Amino acid sequence: MHNGTFSCRGCSSPQGRGILSLGDMPLANALLTAEDLDRSAEEKRYPLDLFFCEACCLVQIGEAVPPEELFTDYAYFSSQSSTMVTHAERLVEQLVHERQLGSGNLALEVASNDGYLLQHYVRRGVPVLGIDPAANVVALAEEKGVQTICDFFGDRVSKELVETGRKADVLHANNVLAHVPNLDEVVRSIARVLSTSSVAIIETPYVVEMIEKLEFDTIYHEHVFYYSLSAFARILRRNGLEAVDVERIPMHGGSLRVFAQRIATGGVHERVRGLLEEEERLGVCRFDYYADFARRVTDVQVDIRQTVEGLRAQGKRVAAYGAAAKGSILLNSIGLGRESIDFVVDSTPYKQGRYMPGVHIPIVPPEHLVQEMPDFTLILAWNFAGEIVAKEEDYRRRGGRFIVPIPNLTVLSGDPSLA
Ligand code: TYD
């Protein structure tokens, strides 16, 4: 476990307790090209240790990799999943209707990726502005008519927005607050660009789901923080915001959607108190809640490994589905490499032709699945298992079988008419 001294990235307390160590892992999205493989001795690995801060109960990893190493050429394209695009569209529809948004308003998104969300405001005539540091995804957003500033969102950009009269009526920050080591700067920058009648809608994976469903593979260097509402409410408050409503949503294995406003500018829904009380009952602000996570993770890792190796021993061919960041962590932490998994299919053109970090399994287009007909396919993007299984009906009809590793290792029947 992590040698250096702990200093909480939220409150600076030195009182951290180790929850789990996944060892030295490669960067989960650092896919390799064929030329990189020849230089694989240089592939960087960093310790991946999860800590609990006893002072502010924020769960976090022990070592942050500089954001410039992670987010300037980004392999994650939100529009690759129709679940994600539809999810965004429903939310936009609801907000436009409830808040009567129109041409005189501004919808802003922090980490707007390829415009998967803001495009829905554009179609409804609401002006938008995205901010994202990755030039390759920004180019795709611009093609969709989503005006985007290619930069990291923080004090500098937020001050510029305010100085040029661009305050947000609605601000989205989806799956980004887990990624920003300079957390307080980003949250205070969100507060800065909101007026007293604005709302920020923040979605982030929920630590309770990760712990209870053993989603250990969602721990990677890009994910610095793993939030409970209890921890998150404190961070909002010290930056001038408060949670006025909260929902639990199924996205990414279970997330929180927090509605935040400037303090005392809106009524607080009783759902906020309800969830805080539930967390109190669970004990998410006490280390005991996390104490047996490492042991339970080891059990699930052994189960996945034995299942795949058992199939190989019977002469079965095994492939994987979804070159997700969580897939890198799952394969590397369990030690499943090319000897066990023939290839990984993924629909993202950027990823095809590249190789999974660390284990160097080739990534190929989804058509490969039916062409090659591996006997079993391990769904690494298990958060989209429903969408993937529905799409690959043909593979199942021909006898291919999917394995969903998380939350419980499940081998789906080969017959698509069955579960
Ligand atoms: P995801 O689980 O969203 O993310 P993370 O990288 O944060 O772990 O990644 C899903 C991957 O699966 C992404 O590379 C796109 C791919 N994918 C497909 O190839 N086909 C599909 O039908 C879906 C839904 C995803």
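## A quick tour by chat

Me: Let's begin with what follows H5. Which residue just after H5 takes a positive phi?
Reply: Gly145 does, with a phi of about 80°. Keep in mind that this is a predicted model.

Me: And H5 itself? Which of its residues are buried?
Reply: H5 covers residues 135-143, and Val137, Val138 and Ala141 are buried there.

Me: Why do the buried residues of H5 line one face of the helix?
Reply: Look down the axis of H5. The buried residues fall within an arc of 105°, so they line one face.

Me: What do the buried residues of H5 pack against?
Reply: They pack against strand E6, residues 148-149.

Me: New topic: the ligand. How many residues surround the ligand?
Reply: There are 19. The closest are Ala325, Lys326, Asp346, Lys351 and Lys391.

Me: How does that shell split by class?
Reply: It has 8 nonpolar, 6 polar and 5 charged residues.

Me: Which helices each supply at least two residues of the shell?
Reply: Helix H12 (325-334) and helix H14 (385-391). H14 gives the most, with 3 residues.

Me: Now the close-up. What lies 2.3 Å from an oxygen atom of the ligand?
Reply: A polar side-chain atom of Lys391. For Asn383, a polar side-chain atom lies 2.9 Å from a ligand oxygen. Ser347 uses its backbone: a polar atom there is 2.8 Å from an oxygen of the ligand.

Me: How much of the ligand does the protein bury?
Reply: The protein buries 95% of the 570 Å² that the ligand exposes when taken alone.

Me: Let's switch to Gln301. Where does Gln301 lie?
Reply: In helix H11, which runs over residues 293-313.

Me: Is Gln301 buried or exposed?
Reply: Buried. Its relative accessibility is 14%, and the cut-off for buried is under 20%.

Me: Which residues is Gln301 in contact with, leaving aside neighbours within four places in sequence?
Reply: Leu22, Phe216, Ser333 and Ile334.

Me: What joins the side chains of Gln301 and Ser333?
Reply: A polar contact of 3.3 Å.

Me: And which helix spans 325-334 again?
Reply: That's H12, one of the helices that supply at least two residues of the ligand's shell.

How values were computed. Residues are numbered from 1 along each chain as its sequence is written. This is a predicted model: local features need pLDDT of at least 70, side-chain atom pairs count only at pLDDT 80 or more; totals for chains, interfaces and linings use all residues. Side-chain values use heavy atoms; hydrogens and water are left out. Buried means under 20% relative accessible area, exposed over 50%, partly exposed in between (1.4 Å probe, protein chains only). Helices (H or I, at least four residues) and strands (E, at least two) are DSSP runs, numbered from the N terminus. The arc is that of the directions from the helix axis to the C-beta atoms. Contact means heavy atoms within 4.5 Å. A residue is near a molecule or strand if one of its heavy atoms lies within 4 Å of it. A polar contact is a pair of N or O atoms within 3.5 Å; within protein, one must be able to donate a hydrogen and the other to accept it, and residues adjacent in sequence count only if both atoms are side-chain atoms. Accessible areas come from the Shrake-Rupley method with a 1.4 Å probe; for residues, only the protein chains shown count as cover. Ala, Val, Leu, Ile, Met, Phe, Trp, Tyr, Cys and Pro count as nonpolar, Asp, Glu, Lys and Arg as charged, and the others, Gly among them, as polar.
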